[in-house]
Every structure is written in C-alpha cells, then in structure tokens.
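Me: I would like to learn how to read the aromatic side chains in a protein model. Could we go through an example together, step by step?

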Amino acid sequence: MSGPLHGVKVIEIASIGPGPFAAMLLADLGADVIRLDRAGGAANPLGEGAWNFMHRGRRSAAVDLKHADGRELVLRLSERADALIEGFRPGVMERLGLGPDDVAARNPRLVYGRMTGYGQDGPLAHVAGHDINYIAVAGALGAMGRTGEKPPIPLNLVGDFGGGATLLALGIVSAMLEARGSGRGQVVDAAMVDGSALLMTMFHALRAHGMWRDEPGTNLLDSGAHFYEVYATADGGHVAVGALEPQFYANLLRLLELDPDEFPQFDQARWPELKQRFAEVFATRTRDEWAQRLEGEDACATAVLALHEAPQHPHNVARGTFTEYGPAPAPRFSRTPAAISRPPAEPGADTDAVLADWGIEDVAALRAAGAVR
C-alpha cells in the first residue's frame, strides 16, 4: 500500500456510479477501503462485479444490511473506520439503523459521506433521477450545445463524476483532516446538483459581466468561436482546436497557411463565416496528417482520439496514463505516489479475509446466521 491516504480506513456501502468512483479515488490514494456489497449477488449488472474498473484497489465483503447481525457488523466496522460512503436516497440508511447518528454513537470521529443527486433536503430530495437530470436542474446541460441544436449529452461526467464523486472525495478528505484536530466527525452532503452548479462558476461570472449569452453555440467556449471548435477531417476523423490566446491563434493560422488579416480572432460577428472557412481547410487532410503537423506546436490543436486509441498515444504511453485496470491514479505525488493496489473484486470475494483484517473475529458465526456471505 502507498499513497498520501495510507493508514486511512473507509467503509463503502455498495452503490453505482459516483459512490464507487469516490471510493476508487480514495483507494487509489492509499486508503484501506472495504466495499460492503449486497449479500446474495449483484443488485445491478451495470454497477457490480470484477469487470468494473471503478472497483479496483479494495476488497469486497457481502453483508446483508437487512439482517440484524449485518447491521451490527457495519456499526462494529464503523468503530474502526475514519469515513463511510453511502449512496442511498435520503432516509434509507436511517431506516436501516445505520444513519449518521447511529454511526456517531459508535464512533464520533467518523466522517459520513452521503452521495445523492438532489441532496438530503429540498423539494426533489426524494425523487429519482440520474446524471442527465441533475445537470439539467443545475443549469449545466442547458448551457451546452450548438446554435439551433438540442443540448448534447456529456456522458455522465459532469454530474456523476465531476460534480458528484470528485467533490464527495474532496469533502471526505477535508472533513477527516478537520476531525484530526476537533476529534469530531461530520456529515458530508454531496449532491450532484450542487456540484454540477459549482462547476459552472466561471460561466455565471461571465454572464453576470455581459460576456456570456444565454443562446448556446454563440459564446467563446460552447462552439461559437471558430478557434474553439471541433473540425471534421478528410478521412472522417476530427481535430480539436482550442487556440484561445492570440499568440497560439497566430501559430495556428501560420500552420494552416492562412492570412491573419483575413481571420480576425475576436470579430464575433464573423465567427460563423470564419468557422466555415476553417472547416474547409481541415477537410483537406486526414486527422493524422493534421496531428503530425499541429500537435508538436503551440497551436492548441490535437487529434480527437477514440477510447481505444488514447492508451496508444505517445504522450499517454510515456506518462503511463493508462493501466490494465483503466486510467492511472491522478493526481501524482512526488513522495507518496498513488497506486492501484489490487484488481477489482467480485462481490463478496474477500469477506473472510477483509473482515479478519479489520478485527472481526466471529466471521464464521456471522456466516452461519446469514448476515454475511
């Protein structure tokens, strides 16, 4: 084990999406995370199983949370933990007898991380949803898109992983740091609506100062500008252009063999026309031909790679950005490097070993009672 969180112990109540990703981040950083999967098998084929790279770095015990001994086991584990992550709707853990107050009674220093879409309160708190709904309510989805087109779906990166899991992990680490001084844990209410809205801070500032229009596809970073756009190439590939600064834009024009006088960068009225002219130029060569010409220059232009291509890019190869179990841990630490300590586990694969390592000595009795499997 290595990483800056070495020695930290975390309980992960199995869930899908942002919960596992937050736990993965903590495990990559060196925390000893025990994943408590549902006893009796996978509850969701898209969330559980050793195929899921997000389950790497931690062991799994199968626990029945509806069994009295299973619930008691979670409380016993909480006495040994620094943090707990759960991703149920508000009130579910309380009804199980595993809410923040129940856990704090056993371990007042424990940080209780809660991952939801709409948060622990508010009119929508108990309503079902997914990433696309949360970023819609946050205003993030509506700010994306091209003129006259419906908003694109940015995978589930903005709500689940950016505004959700990453901020949950930051909140947990921050609360654990505070608990070292105060001796008291606290609840971290990580709502994907809140986090997605937070990610839009810069755009709210731009709009407040008259530098951002509500019409998608007309602004600097939403495909409105010809120098911040994706262009099709002769072979059906694409090149991403992000030449925001004037000096990089000048380099781009030079490499495209275009006259700077004919392509004024910030003449916004001409952006649609200049975008069309850029499109005509990029259509004259293949993606890889443009990559060879542009990627080594300060022109902020790169080939758009597919998932299967990214691991083979020379830069990613040189830095070891990808591993057998998905992208490598990030960020990088000079003295306590993060690492993938173990491959993903099947649900319940490590029940006996991981519970024993956490000081639970009556595993056989728990198994006989049906509390664990």
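This is a predicted model: local features need pLDDT of at least 70, side-chain atom pairs count only at pLDDT 80 or more; totals for chains, interfaces and linings use all residues.

Me: Which ring does lysine 9 lie over, and at what distance from the ring centre?

Reply: Lysine 9 is placed over the face of tryptophan 358, at 4.2 Å from the ring centre.

Me: How is a pair made of two aromatic rings described?

Reply: In general, one gives the distance of the centres and the angle of the planes for a pair of aromatic rings. In this structure the count comes to 12 aromatic pairs. Take tyrosine 118 and tyrosine 134, whose ring centres are 4.9 Å apart and whose planes stand at 90°, so this pair is edge-to-face.

Me: Where do tyrosine 118 and tyrosine 134 lie, and what does their pair tie together?

Reply: Tyrosine 118 belongs to the loop between strand E5 (111-116) and helix H5 (131-137), while tyrosine 134 is in helix H5, so the pair ties together parts that are 16 residues apart in sequence.

Me: Is tyrosine 118 buried or exposed, and is tyrosine 134 buried or exposed?

Reply: A residue is called buried when its relative accessible area is under 20%. Tyrosine 118 counts as buried because its relative accessibility is 16%, and tyrosine 134 counts as buried because its value is 6%.

Me: What kind of pair do phenylalanine 282 and tryptophan 290 make?

Reply: Their ring centres are 5.0 Å apart and their planes are at 55°, so the pair of phenylalanine 282 and tryptophan 290 is tilted. Both phenylalanine 282 and tryptophan 290 are buried. Ring pairs also link these two residues with Tyr231, Phe263 and Phe278 into a cluster, and tryptophan 290 is the residue whose face lies under arginine 285.

Me: How many helices and strands does the protein have, and what percentage of its residues is buried?

Reply: The secondary structure comes to 14 helices and 11 strands, and buried residues make up 45% of the 373 residues. Along its principal axes, the C-alpha trace spans about 80 × 45 × 40 Å.

Me: What percentage of the contacts with a separation of 6 or more comes from residues 24 or more positions apart?

Reply: Among the contacts with a separation of 6 or more, residues 24 or more positions apart account for 67%.

Key: Residues are numbered from 1 along each chain as its sequence is written. Side-chain values use heavy atoms; hydrogens and water are left out. Rings of Phe, Tyr and Trp (its six-membered ring) pair if their centres lie within 6.5 Å; planes under 30 degrees apart count as stacked, over 60 as edge-to-face and the rest as tilted. Helices (H or I, at least four residues) and strands (E, at least two) are DSSP runs, numbered from the N terminus. Buried means under 20% relative accessible area, exposed over 50%, partly exposed in between (1.4 Å probe, protein chains only). A charge sits over a ring if NZ of Lys or CZ of Arg is within 6 Å of the ring centre and within 35 degrees of the ring normal. Contact means heavy atoms within 4.5 Å.
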